[in-house]
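Please look through the model below before reading on. The paragraphs that follow begin with a single residue and its surroundings, and then turn to helices, a sheet and the chain as a whole.

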Amino acid sequence: MNKILGIINLESSNVHVEGIDDYRPASAASFLGRYRVLDFMISNMTNSNINDIEIYIKNRPRSTIEHVNGTNYNINTKKGHIRILHGERPVNNEVYNTDIANFQANIEFIEKSTAPYVLIAPSHFVYVQDFNELLKYHIESNSDITMLYQSVNDAKDNFTMCDTIEMGDGKRVTGMDINRGKYKNRDISLECYLMSRSLFIELIEKANMTSSLFWLSDVVKDNIKDLKVTGYQHKGYAACINSLKAYYDANLELRDQSILKSIINPSWPIHTKANDTCPTLYKEGASIQGSLVANGCEIEGTVINSVIGRNVVIKKGAVVKNSVILPSSFINKNAKIENAVIDRYAIVTHIKELKGTPENPIYVKRRDRI
């Protein structure tokens, strides 16, 4: 779709996946054992035939750079590309590291694009959306900006600190706020904006003149009375990965095959970096129940209702329950792990029991030995 320049936005200031984002952006974290979180948004774009994509990174870019390769995402490299961008100048304070500041630092790439439209979508959300449908609605409704949203009835417990929208006649957005968990039913912004490229550049300039702390959502809200901003409802699964609990919950709820099939199916492939990994070896005595297990593992213990990444070793007598184990971790004999997130290359060998709660899962940091 040469009509759209795709921009995968950096995480907002409300995103803090405790422990995980000490080593990489939340969007570059392992997800469901074999993907990264941002694979879903890149795949949404490439499956919608968007071939020109810019990925913005706030900090710690190594994991994203190593993972992202245009050939992995079904991009026509003769017509398009993936470009990874970040602010060229260091900031004195993290509050100045906004998406607007990063857009301004890389404005030449936006200005040089020949696409008439720009789609700005988040890197830390997981959902499946055909952006061709969004563009069709945007044109037919004669909107200045079209925002993707989802109506939810669990806003007290989920999507905390995400933007909410209020709509009037004709789905026109009349207000924006923050979900602070006070109400059950909310229309949650999925932080996806479609607009003309010229308007996008104009809003960047307005934001710079208004406040150095403005994000794109702030300048949209500031101009909501002067622009025709409409909502387009997303129907289907959506998760916002903005905390350790949200990351933990999303991984575990997608063990449900009925939910998993709604976002991963042959007609809408989720592209990711290829790994030539041998099948998992299940040794005598291994027991697996209700879990997703990636390739390359060696399991002779018990795994219950968990997500296991590539090349994980779980030794005899170990029990892993309701947990997310990231790639290349090692769980030694007789260890008992429940309600935990174990980061990459961690070794659990001396501590024989780690037990968190579903509301407060335990996190074991990357390369830690406990």
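Helices (H or I, at least four residues) and strands (E, at least two) are DSSP runs, numbered from the N terminus. This is a predicted model, in which local features need pLDDT of at least 70 and side-chain atom pairs count only at pLDDT 80 or more, while totals for chains, interfaces and linings use all residues. Residues are numbered from 1 along each chain as its sequence is written, and side-chain values use heavy atoms, with hydrogens and water left out.

Asn9 lies in strand 1 (residues 4-9). With a relative accessible area of 8%, Asn9 is buried, a term that stands for under 20% relative accessible area, as against over 50% for exposed and partly exposed in between (1.4 Å probe, protein chains only). Once its neighbours within four places in sequence are left aside, Asn9 is in contact, that is, has heavy atoms within 4.5 Å, with Tyr56, Asp99, Phe103, Ile120, Ala121, Pro122 and Ser123.

Among the helices, helix 1 (residues 39-47) has nine of its nine residues buried, so it is largely enclosed by the rest of the structure. Its buried residues include Phe40, Met41, Ile42 and Met45, but also Asp39, Ser43 and Asn44. After helix 1 comes Asn49, with a positive phi near 65°. Helix 6 (residues 197-210) has 14 residues and reaches 20 Å from its first C-alpha to its last, close to the 20 Å expected at 1.5 Å a residue, where the expected span is 1.5 Å times one less than the number of residues. In helix 6, the buried residues are Arg197, Leu199, Phe200, Ile201, Leu203, Ile204 and Ala207. An α-helix has 3.6 residues a turn, so residues three or four places apart point the same way.

Five strands form an open sheet in the order 14-17-20-23-26, with parallel pairing, two strands being paired if DSSP finds at least two bridges between them. Strand 14 (281-282) and strand 26 (347-348) stand at the edges with a single partner strand each, so one side of each is left without a neighbour in the sheet. Within this sheet, strand 17 (residues 298-299) and strand 20 (residues 313-314) run parallel and are joined by two bridges, and Glu298 stands opposite Val313 in strand 20.

Taken as a whole, the protein chain comes to nine helices and 28 strands. Of its 370 residues, 55% count as buried. Among contacts between residues at least 6 apart in sequence, 60% join residues at least 24 apart.
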